[in-house]
Amino acid sequence: MQKIPVTRDGKRGSEVIIIDSSSVVKIDKIRDREIIIHTKDQHYYLDFSFDNLEEWLFEDGFRLLDSANIVNMNHVADYDPKKGIVYLGASDSKHPKTASAARIHKEHIENVTQLLRTADPSYADHNPLHHDELFARIISETRNDQFLRSYATIRAMNERKRAEEKIAHMAYHDSLTHLPNRLYFDDRLKACLDEASRHGGRLAILFFDLDRFKVINDTLGHHIGDQLLVGLAHRLQSYVNNHDVAARFGGDEFMVLLSGNAHMREAAQFAETIKLLLKEPFLIEDHELFVTASIGISLYPDDGTDAETLLKNADNAMYRSKEKGGNSYHYYHPDMNKRSLHKLNLEIHLRKALERGEFRLLYQPLVDLKNGTIRGMESLVRWQHPEWGMISPAEFIPLAEETGLIVPMGNWILKQACLQNKAWLEQGYNPLCVSVNISAIQFHQPQFVSVIEETLQESGLDPGLLCLEITEGVAMNSGPHVMETMDKLKSLGVRISIDDFGTGYSSLSYLKRFRVHTLKIDQSFIRDVTSDEDNAAIVTALIAMSRQLKITSLAEGVETREQLEFLLAQGCDEIQGYVFSKPVSAQEFEEMIRQNKQLFLTK
């Protein structure tokens, strides 16, 4: 609402009074630079340019009726087209305010009314297409410059309003799915919390993301992933009523706010609804995609009384669902905060561990089953924290991958392993091949091959004495980037080992295409190979397949003589595991190769 400066007598130097535009019913131009401001009961003088007045007050409802009349449309009570009179205020009062009949132009008023009604969504006549056609016709037929300026002002203000509405929509909605975004969700949540606080209501927040969505992006491309998110958004909107909010937080993360006194029961029902709407596959470009979701739930006031706490707790509950394998929902529990705090502290210390030299490399021997001698070694990273002691790789490796720290850590491991292997060669020991685990994130770095090449040059290690262990999931990806990277690695002369084979989506054609050197049989198959017929059959088949493809078979996690005897009988090429040695320090490993430690074999 505009504030209008006026005087009582129109004389220069008179006291200036400020009035609200809402109290003004019409404005008359008496003569040049003498403008009368009419309220219901008074009139004032304004020393202001009449030409700019309508645009200035347009949003407050003022419209130019003729060359000297501006009327506040909010105060129009009636219009008599025969007399050409606009009644302002109550038309049935004894002395209603009117716009001067001598200056009213019937056609102009009707044009203004139509333009306003067709542009305003609150009117039944709202029709943007008809508004554009009407404006074009009116402009072509009008010869009065003052009226043309009035129509142009209406048009300009409506376009600005449309643009502002579009900008506001963009600010509060996700550009891909058109769902509300986090900003909108936060505002709505705070408003609902205020309402619930005043009236003792309850709320529920559901935080969920899609399980293994990254696999879809990595294998089929981000454009397929984007289409899946759009499809999910459409399904989600159909389940959300007008009082609740479903929003996209970014990536594959979504939030749902259940208001209307929502209890645990309603939250559980909606969580089941999310699982239900994901039950049907998404059909995208000849792909039939099945996805599941990990869902976390927090409740007001049980799990928090402010927006930030409720969101954080729903997020913690979602990660509990993910830890449990996904495709489930969990309610928040206070114990989850302890795990989150531990994870946060772990991440903080992990970021400093590399620069502080807290990582250690251990080496586990790879044993040739033809003669029982050490053929090579796998380098394994350990974190020796100065306060917490030895931290399990199972705890910090997933966190390093999640935060991206796996890249500098992996590059450090690669360099140290190559330098150590080169040092043993220079001391006169027999050539051994050192294996280094490569994470999927490392592998997909644009400069990955360059890092391998630079490390080999810096260390001076022969490429044939470096083996890169790549997980089955990375190697079996059919993307052109994977093919190109594998070809470049082959041209460098490094060896390639497929790790954890048999646990994912295996493809024999890719094994043949890549010509990998070693196939590592996952320890989950070896663990029960002597007691589980299915595991025994799988291991036997993998060893036979490797032999046919002329690929070295290596069984990992061999712990007992019974497992060893089984692998020998099936013709396995190599093993690693506690049956020969646990992972040891560089000094201990050097002692092994100095003494030429061997595995006692019976065939």
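Good morning. I begin with serine 298, which is buried, with a relative accessible area of 1%. Please bear in mind that the model is predicted.

Where does serine 298 sit? Its place is in strand S16, which covers residues 293–300. Which residues does serine 298 touch, leaving aside those up to four places away in sequence? They are Leu203, Ala204, Ile205, Asp303, Leu310, Asn313, Ala314 and Tyr332. With leucine 310 there is also a polar pair: a polar atom of the serine 298 side chain lies 2.8 Å from the backbone oxygen of leucine 310.

Let me turn to the sheet. S16 belongs to an open sheet of five strands, in the order S12-S13-S11-S16-S17, and the pairing is mixed. The edges are formed by strand S12 (245–250) and strand S17 (328–331); each has a single partner strand, so one side of each is left without a neighbour in the sheet. From one strand to the next, the twist averages 20 degrees. S16 pairs with S17 in the parallel sense, over four bridges. In that setting, isoleucine 297 stands opposite tyrosine 331 in S17.

Finally, the helices. Helix H8, residues 264–277, lies across strand S11 (203–210), strand S13 (253–258), S16 and S17, and runs at about 165 degrees to S16. Helix H9, residues 307–323, lies across S11, S12, S13, S16 and S17. The angle of helix H9 to S16 is about 145 degrees.

Notes
Residues numbered from 1 in each chain as written. Predicted model: local features only at pLDDT ≥ 70, side-chain atom pairs only at ≥ 80, totals over all residues. Heavy atoms only, no water. Helix = DSSP H or I, 4+ residues; strand = E, 2+ residues; numbered from the N terminus. Buried < 20%, exposed > 50% of the residue type's maximum accessible area, 1.4 Å probe, protein only. Polar contact = N/O pair within 3.5 Å; in protein donor to acceptor, adjacent residues only side chain to side chain. Contact = heavy atoms within 4.5 Å. Pairing = 2+ DSSP bridges. Axes fitted to C-alpha atoms, helices over the stretch in contact; angles between N-to-C directions.
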